[in-house]
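Keep the structure open as you read.

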Amino acid sequence: MSNFTIIENSAQKATRLNLTEIKSFSPHQLRKHLEKTNKTKFSFVSMFPYIGRGNVLRENIIDSKTLDQEIDELLK
């Protein structure tokens, strides 16, 4: 069994979703799904120190498409 297959099976077992479904979720949607299915609070943790101008992620992690849209709006 390849390492990828082991990782894929582990991800499917932990999330109850296949990889295609996981890829279609934004991080925020995946967090909500995991909270609902596991009935526990789920959060992303940064291993980096809190140095700089504050939390750039605000309340939620946003996907790259949303981030690109916000940057485009700011640069208009």
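Predicted model: local features only at pLDDT ≥ 70, side-chain atom pairs only at ≥ 80, totals over all residues.

## Where to start

Let's begin in helix α3 (residues 27-38), which is where you'll find Gln 29. (Helices here are DSSP runs of H or I with at least four residues, strands are runs of E with at least two, and both are numbered from the N terminus.) Gln 29 counts as partly exposed because its relative accessibility is 42%; the scale calls a residue buried under 20% relative accessible area, exposed over 50%, and partly exposed in between, using a 1.4 Å probe and protein chains only.

A polar atom of the Gln 29 side chain sits 2.8 Å from the backbone nitrogen of Ser 26. That's a polar contact, meaning a pair of N or O atoms within 3.5 Å; within protein, one must be able to donate a hydrogen and the other to accept it, and residues adjacent in sequence count only if both atoms are side-chain atoms.

Residues are numbered from 1 along each chain as its sequence is written, and side-chain values use heavy atoms, with hydrogens and water left out.

The chain averages a pLDDT of 79, with 76% of residues reaching 70 or more; pLDDT is the predictor's confidence in each residue, from 0 to 100. Among the elements, helix α2 (residues 19-24) has the highest mean, 88, while α4 has the lowest, 82.

## The overall fold

How many helices and strands are there? The chain has four helices and zero strands, giving the pattern α-α-α-α along the sequence.

Of the chain's 76 residues, 11% count as buried. Take the contacts (heavy atoms within 4.5 Å) with a separation of 6 or more: 17% of them join residues 24 or more positions apart.

Side chains of opposite charge can pair when their charged atoms come close. A search of the whole structure turns up one salt bridge, defined as a side-chain nitrogen of Lys or Arg within 4 Å of a carboxyl oxygen of Asp or Glu. Its members are Glu 35 and Arg 31, at 3.1 Å from N to O.

Both residues belong to helix α3 and are four residues apart, about one turn of the helix. Are they buried or exposed? Glu 35 is buried, with a relative accessible area of 17%, and Arg 31 counts as buried too, at 13%.

Thr 15 lies in helix α1 (residues 3-15) and is buried, with a relative accessible area of 11%. Its side chain reaches the backbone oxygen of Ala 11 at 2.7 Å. Leaving aside residues up to four places away in sequence, Thr 15 touches Ile 22, His 33 and Leu 34.

Next comes Arg 16, in the loop between α1 and α2. Its phi is near 60°, a positive value in a residue other than glycine, and Arg 16 is exposed at 55% relative accessible area. Lys 39, in the loop between α3 and α4, also has a positive phi, near 55°. Lys 39 is exposed, with a relative accessible area of 75%.

## A nonpolar patch

Finish on the surface, where Leu 67, Ile 71, Leu 74 and Leu 75 form a nonpolar patch with about 430 Å² of accessible area together. Patches are made of residues with over 30% relative accessible area and no salt bridge, joining like charges within 9 Å and nonpolar side chains (Val, Leu, Ile, Met, Phe, Trp, Tyr) within 5 Å. Leu 75 belongs to helix α4 (residues 64-75) and is exposed, at 68% relative accessible area.

Conventions: Areas by Shrake-Rupley, 256 points an atom, 1.4 Å probe, with all protein chains shown as cover.
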